[in-house]
Amino acid sequence: MSPYGKRVIYSWLFGWILLFAQFAPPPGAAGDVGSINGRLAGPDGQGKSGVVVHLRNSLTGFLAEATTGPEGRFAFRNVPFNPYLLQIEVTGFQTIYKQLEVRSPIPLELKIDLTPSLTEKVTVTADKDAAQLETDTSVSHVDIDKSFIAKAPAPIATRAMEQIVTSTPGFAKDENGRFHFQGAHSQNEYVVDGQTISDQTGMTFSNSIDPGIAQGIEVIYGNVPAEYGEKIGAVINLATKSGLGAGPLKGDVLAGTSRFGTYEGGVSTTYGNENFGLFASINGSKSDRFLDPVNPANLNNNGDTGRGFLRFDWAPSANNKFRWTVLAGQTRRGVPNTFTQEQAGQDQRVTTKDQNLNFGWQHVHSAKSFLDVDVFGRFSTFRLDPSANDAPVTALSDRSLDNYGINPSMTWIAGVHEFKIGGVVKRIPIDERFSFGITDPNLNDPSSPDSNTNLDPYDLTPCGGARVTSCNGSLFQFHESRTGTYYAGYVQDDIRLKRLTANLGLRYDHNNLPVNDSQLEPRIGLAWTLPGDKTVFRVSYNRVLFTPEYENILFSSSAAAAALVPPVIQASQALGGGVLAVRSERQNAYDAGFQQAIGSRLRLDIDFWQRQSHFAGDQDQFLNTGIVFPLAFSHGRFHGWNIRLDMAETAGVKGFISAGHTRAIYGAPPVGGLFLDQAAIGDLTAGEFLIDHDQNLQIQTGWTYDFHKSGFWVGTNVRYDSGLVTDADPATLAADPDNFFAAPFVSIHSGERFDPNRIKARTIYDFSAGFDLDRYHAPLTLQVDLLNAFDKEGVYNIESVFGGTHVIPNTVVFIVESVAGLKANSLSLMMDAAHNLSDEVAILLLFLAYVMPSGLSGTLIWSASFLNSLGILALGGFLVCQAAARLLHAEPVLGIIPIVAGLIAAVGNYGVAAVLRKAATSDPAIRLAYVHNLGDALVAMAPVAAGLLIVVTRLYLFDPLLALVVAGVLLSSTLRELAVSRKDLLWPRKVACGPHHSG
């Protein structure tokens, strides 16, 4: 068996071992969300049942409801840390408005007593608190609720994470979803239910995280608490959706389409009660403009994605809760070609896969102490395959980047103190293969004064002309494996007095990859609320240690890479002397700012920040292959400011404006990376310089307007970027056959070290409109996005050593439909929906099977085939019985709903079939799913026909008659497929599935 197969098998076995191991007494980890438990009582002390309790934050858009039980008890779970307003209205009693702060995983316990109303008219005074200030924390952050996530405009909704994150101040956008935050490059991390994901998750390197799985997103950008480590330039904290208390089984189906052959489809389902919860989602997409292309022609730029997420919650008692999450994804795409590469016939392909396992246990010791533990594993791979006509180099990259470990913590409250102590231990196995050879005689020309003789053995071009010895060479080959260790411990104390909050923390980090680096890190922040509760000042100091980028870290820090750099670099100590070990970055971070309430609906945040670093991290790209190598500069100096103005919903209008300024200065020499061009090294070692993270100004604003209670809304999103740094010269670009188009997008400056040329400024306008039919008892939401509405032409970067050249997206109209919670009472529609839900669960099982090795996937294939076949037989039989009953006793049906929902289901089924089309030719299990979904696109028209006939004739009899048609199609097609492929489908011992290798 191949090393890859063994690694994946071990990873999944490790996950199951952890699942059973968590039933032993564990030590404890950080909670990302809190909960609220309460009891509502009348004047007589008896609990009030059946009362709706509202919890909201008008700035983030968070809104939740809970209904009191028999004893007046209510609960809110999975509540992101934030201030909230609790509202209770009961006839005959005074309306209750209570300000709450959720800042701890320890449940907030409330006892609320109703007071009889002395007058019939109640004066509402809660509006003054709509722009809720955060008076009890010095952490600078932005909170993004699922209500904003659902409406965020993006070419593909399930890949909108970067679009959402960059709506916060301080983020300079770059190509393919990359961003630079406050002058740093990729020094940010995602924290998903307590699991830190610090490797790069963008589509160039791995797989984007679907924002649709998030209950809320918190972006921390100043005074990062001591519980966070590794890459904390910005911490993007996700609390995923949970099924606990969600009620009966519900489902959502999503389908979308736009230009460039772009399609996406997805399904999610939720179920839960007080003790058990399930949330699952799966989605896929394909596009012929998958990445930001390297030129306007959009060459060799197709790709597809598949992602699945599953979360189980089990709460056996009020004091214990267990959580298990699985997150898996795969991307297959081309490497965009330049004009000359397309002419040569280059067709490089990239495949990335990732799997995340997370097991959590939370235990409430008392009303003032809380224990939490996360055990996790992340396993990711990246493979670039060369093609027969690569130019100017041919290259192969095949690497894995894994990590697994445990993350315990304990929280307790003592008076005004809230203490938290915890740590993390993580193992980081890495395996890297890299090879390349020169295929273009114009690259590294021996007659050029900048020729690098160390590349001569790897010149694959034929001998001739100046090439006497630098020709007919062989591929450079590198392969190395290593397991690193990272561990950290921390203690923090949040002291909350009447007007002063002190957030005090101390952390110790140790990392030995690629070399040993350790640091003790104080994290100190203060927040002071002025009298009147309208202004909060905050100031902080953080000492931090950033682990380096681990993508290709072994090669980048190897003697093999040192042997490739130009001889002048190897001979110069001032230029690094060929020593390439990439160190962890050390940084001192200072922040000062304030938060101001403006009236009752506006909140203003202003921050001034400064960073000083040693071993400032970055990466360089290997030509335009997409392969990147980490590096570290001698030092870095960064400073700037961030501004954000939020407006709570006012007469249907809600929105924000954010702005940021970043100055990013790097100092030579760099170490690491793979700089093969002597001239490029000379530019980077001439002293301090402005790196391409530097941008004078970025502004983004987003607004939505809801038309009263109609369900219709419109929105706009506008972004201005003043332009990143570039070394490109328009005259040189004009003569370049691959980059001539970029010449008009360079803004010429003096060329001095601190006044380099820049990308020209651009302003991009996006518009959105949506219609939520749920209030009309129709389970349908429609959204149309017009992206880059005025077809603004521009580029993110031009010939960047760190990123290459990339063109911004053209105008795109993206249409997305979402169907949920079927309520039409249509038998034909409900049975088609149940049938589709089983199909999508089956596809989720198939997807998980096909990203796992063949030895582990047979059971999942059997389960998928069962749901796609025998399960459908049961549904068909049930459908026949229900249809017969309704033929005898017809029930009213709202005809318009099956018409609209059936059409959307048809589109969704066809989209799923399109994603499966190619794979269906080689595997019977996928062929069954493909044929099934293709047929479902036609079957979904049955409720459409039923609805039309009901609308025209008012005869509800057509609903069960058309339901019988659906049953007949289901039964006949499933039995036919079982007869043809029953052995391979039900006993898949020989099915070629997943990462399958010999040996």
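Two strands are said to pair if DSSP finds at least two bridges between them, and strands themselves (E, at least two residues) are DSSP runs numbered from the N terminus. The model on screen is a predicted one, in which local features need pLDDT of at least 70 and side-chain atom pairs count only at pLDDT 80 or more, while totals for chains, interfaces and linings use all residues. Residues are numbered from 1 along each chain as its sequence is written, and side-chain values use heavy atoms, with hydrogens and water left out.

**Aromatic pairs**

A search of the whole structure finds 41 aromatic pairs, counted when rings of Phe, Tyr and Trp (its six-membered ring) have centres within 6.5 Å; planes under 30 degrees apart are stacked, over 60 edge-to-face, and the rest tilted. One to select is Tyr666 with Phe689, a tilted pair at 6.5 Å centre to centre and 50° between the planes. This pair links distant parts of the chain, with Tyr666 in strand E32 (residues 653-672) and Phe689 in strand E33 (residues 689-690), 23 residues apart. Tyr666 counts as buried because its relative accessibility is 1%, and Phe689, at 11%, is buried too.

Move on to Phe767 and Phe790, whose ring centres are 6.2 Å apart and whose planes stand at 85°, so the pair is edge-to-face. Phe767 belongs to strand E38 (residues 762-772), whereas Phe790 is in the loop between strand E39 (780-787) and strand E40 (795-800). Is Phe790 buried or exposed? With 59% relative accessibility, Phe790 counts as exposed, while Phe767, at 31%, is partly exposed.

**A cluster, and charges over rings**

Now select Phe434, Phe436, Tyr458, Phe476, Phe478, Phe555, Phe622 and Phe629 together, as they form one aromatic cluster. Finally, a charge sits over a ring if NZ of Lys or CZ of Arg is within 6 Å of the ring centre and within 35 degrees of the ring normal. Lys151 lies over the face of Trp713, 4.7 Å from the ring centre, and the charged end of Arg159 sits over the ring of Phe290, 4.2 Å from its centre.

Conventions. Helix = DSSP H or I, 4+ residues; strand = E, 2+ residues; numbered from the N terminus. Buried < 20%, exposed > 50% of the residue type's maximum accessible area, 1.4 Å probe, protein only.
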